[in-house]
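Here is a briefing on one protein model. Keep the sequence and the structure open while reading.

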Amino acid sequence: MGGSIEQFLQELERGLGRTMVSVNKELTMRERIKRSWSMRQCARFLNISHQHLTKFAKDNEDFPAGKHVGRERVFTLTELMHIRALMAASAKRPEHFLAWRKPDDPLPVISFASQKGGTAKSLSAAHFAQYLSLHYGMRVGVMDADPQSTITLYFVGGEEMPTLPDDETPTMVDFAGLFQTDESIPYTDYDAETLDGFFKKTSWPGVRLVPAHGETSEGEIQIARLLRAGTPEKRFYRFLRDSIDRWKEGHPPVTRPNELVSNGRVDQAKLEIALNETLDCIIIDYQPALTLFQLNNVMASTSLIIPQTMKGFDIATLSTFVTGLLTMLRHIFATDRIDMGGAAHMLLPTIVQRTNEQDLTQVGNLLENCPDEVLPVFYLRSDAISNASDVYQSVYEYDPDTPGKRKGINRFIENADAVNDAIVSRLWPGLERGYAEDWMQNFYNFEEEAE
């Protein structure tokens, strides 16, 4: 149709607005996570045998009743967290069931970053956050730095955010203090309690979200304003890092995993407080761009994970991103030897096609030329993802309605578990479950046999 670009965009905006209203209604009316997990699946999450968990259930009156579906006894996420608390109380190593940060432990801040869109960056970040919750009971803060709000969609629908965020919902731009709330000060240093309020509870126990929406793109504009105003007491790349540090100082770990049970029963009030008193790590989903606002995310991070597809043009884009980021950091380090990024960093190949020789060659070349920087476990391309995405769910939440879909999702979950286990092995050595090793043995043996 003819007409001006302005008219086209105006009509499209109006139509999209009506569409998002219907999405909001759907998210409000449905429960975010419908699925539950069997006793055998829960035992796997807890890293114990099915027999051990079954005996523990019989011996403990406070073990959740769950729900019977056919011959299976299934449990919700909340019940799984209850089981963790109950088992931690009598365990020689309570952290086996609740891998919570100790008072003197650092706070890992893990950025999933890429300059290119379509690399499964948000999917990788969301799956990692949910994996840490399912398998370790960790309290995870998810921060969405992308105005496209993709990772927000994975978690919206929870207790404190039943619908998609609107323009009044605080974002990372607010958290970083980039908006002016006092005319005498060009930025805002919020106190620890105010910062904590920016994290919204989700349907995942202990997982909280700082969401994104269109306003998140204001971050770049506000940094440009601050650079013009001149703030000698505050470096332009330190706003998010300083805010996280203030939050961290005000919210240290207090409750220990073995302090949640009294007289054989989980103290629900104490568990609820413990799940929200602090975080065991923060995961940032980066915008696919190299901007000053995104540089704030990198400067706040202890670990950088770069999800990257393996096509020829994609590798060229990755090279541009790495060179650009390195140039920025060297410029900063020339005048400010800031201590940052002391933990593990890694390139995560994604959407790799097993039958595409070029993909496998690119992965092989990277592993040969920079083996310590590249994960040998990676995401394979899967059509099963679209089934979960259609209902705004990750593969960990999605409950397939046909045997064919269930087979595809289960195959991808094995892949996701292996990738996340490989990441855990580098970030928290000793906590890995062996999923990565099993996957590598199966995958690389298969490739050798195929040759």
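Valine 322 lies in helix H13. The model is a predicted one. Serine 114 is 208 residues away from valine 322 in sequence, yet the two C-alpha atoms are 9.2 Å apart in space. The points below start with the helix that holds valine 322.

**Helix H13**

- H13 covers residues 312–333, and its 22 residues should span 32 Å at 1.5 Å a residue. Its end C-alpha atoms are 32 Å apart, which agrees with that expectation.
- Six names make up its buried set: Asp314, Leu318, Phe321, Leu325, Leu329 and Ile332. These residues lie on the same side of H13, because they cover an arc of only 65° around the axis.
- The other side of H13 carries exposed residues: Phe313, Thr327, Arg330 and His331.
- What do the buried residues of H13 pack against? Their partners are helix H12 (292–300), strand E11 (303–308) and strand E12 (346–349).

**Strand E10**

- E10 takes in residues 281–285 and is mostly covered, with five of its five residues buried.
- Its side chains point two ways. Cys281, Ile283 and Asp285 go one way, Ile282 and Ile284 go the other, and all are buried.
- Strand E4 (residues 109–112) pairs with E10 in the parallel sense, over four bridges. Within this pairing, isoleucine 110 has isoleucine 283 of E10 as its bridge partner.
- Strand E5 (residues 140–144) also runs parallel to E10, joined by five bridges. Here glycine 141 stands opposite isoleucine 282 in E10.

**The three-stranded sheet**

- E1, E3 and E2 form an open sheet in the order E1-E3-E2, with antiparallel pairing.
- Strand E1 (37–38) and strand E2 (67–69) are the edge strands. Each has a single partner strand, so one side of each is left without a neighbour in the sheet.
- Two bridges link E1 to strand E3 (residues 72–75) in the antiparallel sense. Tryptophan 37 stands opposite phenylalanine 75 in E3.

**Helix H3**

- Helix H3 runs over residues 50–59, and its buried residues are Leu53, Phe56 and Ala57. They share the same side of H3, because their arc around the axis is only 100°.
- Gln51, Lys55, Lys58 and Asp59 are exposed on the face turned away from that buried side.
- Which elements cover the buried residues of H3? The cover includes helix H2 (39–46), E3 and H4.

- The largest cavity holds about 40 Å³ of space.
- Its lining is made of Leu77, Leu80, Met81, Arg84, Ser133, Leu134 and Pro205.
- Helix H4 (77–90) and helix H5 (121–136) are the elements that give two or more residues to this lining. H4 provides the largest share, four residues.

How values were computed:
Residues are numbered from 1 along each chain as its sequence is written. This is a predicted model: local features need pLDDT of at least 70, side-chain atom pairs count only at pLDDT 80 or more; totals for chains, interfaces and linings use all residues. Side-chain values use heavy atoms; hydrogens and water are left out. Buried means under 20% relative accessible area, exposed over 50%, partly exposed in between (1.4 Å probe, protein chains only). Two strands pair if DSSP finds at least two bridges between them. The expected span of a helix is 1.5 Å times one less than its number of residues. The arc is that of the directions from the helix axis to the C-beta atoms. Contact means heavy atoms within 4.5 Å. On a 1 Å grid over the protein atoms alone, a cavity is a set of points where a 1.4 Å probe fits but cannot get out, and a pocket is an open set with protein on both sides within 12 Å along at least five of seven lines; lining residues have an atom within 4 Å of a point. Grid points are joined across faces, edges and corners, and a volume is the space filled by probe spheres set on the points.
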